[in-house]
Amino acid sequence: MSVQETREFFERYRDAFNRLDGEGVADLWHTPCAITDTRDGAARVTWWPEDAPMRANMKALCEVYRTAGDEACWDFELLDHVPMGEHHAFANVRWTLAGAEGRSLQRFNTGYQLARHTHGPRVLMCTAYQEDLSSWKKHAVE
């Protein structure tokens with residue numbers, strides 16, 4: 001998978017998040033797929049063998065951002081791209097979220113294992129190793 005194809009994928013992914021379009025985000029994930037993060041000091045893996053639970057998660061994630069009450073503008077920087085043959089790549093991405101008047105909300109890195117699907121690259125595995133969703137959830141309930 002080329003760096004250009006990977007960059008174009010993340011442009012579509014970013015645009016779906018900028019629209020807070022949970023369905024659009026979910027459309028860019030492979031089935032089956034997984035996400036890993038660290039909670040309570042331990043790595044945890046969420047495995048989605050089917051589309052519906054993953055899709056529900058992506059819609060809920062966009063809702064967390066929506067209820068935070070701030071118009072966020074997502075952007076990304078492709079830090080690392082490791083091609084793995086014609087159909088796979090690894091990408092390390094720095095996400096930047098800016099609010100009203102360009103106020104910085106968050107900046108974090110995330111790793112992605114991408115796999116080619118009939119409709120282009122899709123996220124097979126996400127390693128969310130820096131984002132702090134608790135800050136969004138706290139803001140959403142205040």
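Modeller: What follows is a short talk about salt bridges.

Modeller: This is a predicted model, so local features need pLDDT of at least 70 and side-chain atom pairs count only at pLDDT 80 or more, while totals for chains, interfaces and linings use all residues. Residues are numbered from 1 along each chain as its sequence is written, and side-chain values use heavy atoms, with hydrogens and water left out.

Colleague: How many salt bridges does a search of the whole structure find?

Modeller: The search finds 10 salt bridges, a salt bridge being a side-chain nitrogen of Lys or Arg within 4 Å of a carboxyl oxygen of Asp or Glu.

Colleague: What does the side chain of Arg116 meet?

Modeller: Arg116 forms a salt bridge with Glu5, at 2.3 Å from N to O. That pair links distant parts of the chain, 111 residues apart: Arg116 is in strand β5 (residues 104–117) and Glu5 is in helix α1 (residues 3–18). Helices (H or I, at least four residues) and strands (E, at least two) are DSSP runs, numbered from the N terminus.

Colleague: And Arg14, buried or exposed?

Modeller: Arg14 is buried, at 18% relative accessible area. Buried means under 20%, exposed over 50%, and partly exposed in between, with a 1.4 Å probe and protein chains only. The side chain of Arg14 meets Asp15 in a salt bridge of 3.0 Å, N to O, and Asp15 is partly exposed at 31%.

Colleague: Changing topic, which residues are linked in a network?

Modeller: Salt bridges link Glu23, Asp27, Asp51, Arg55 and Lys59 in a network.
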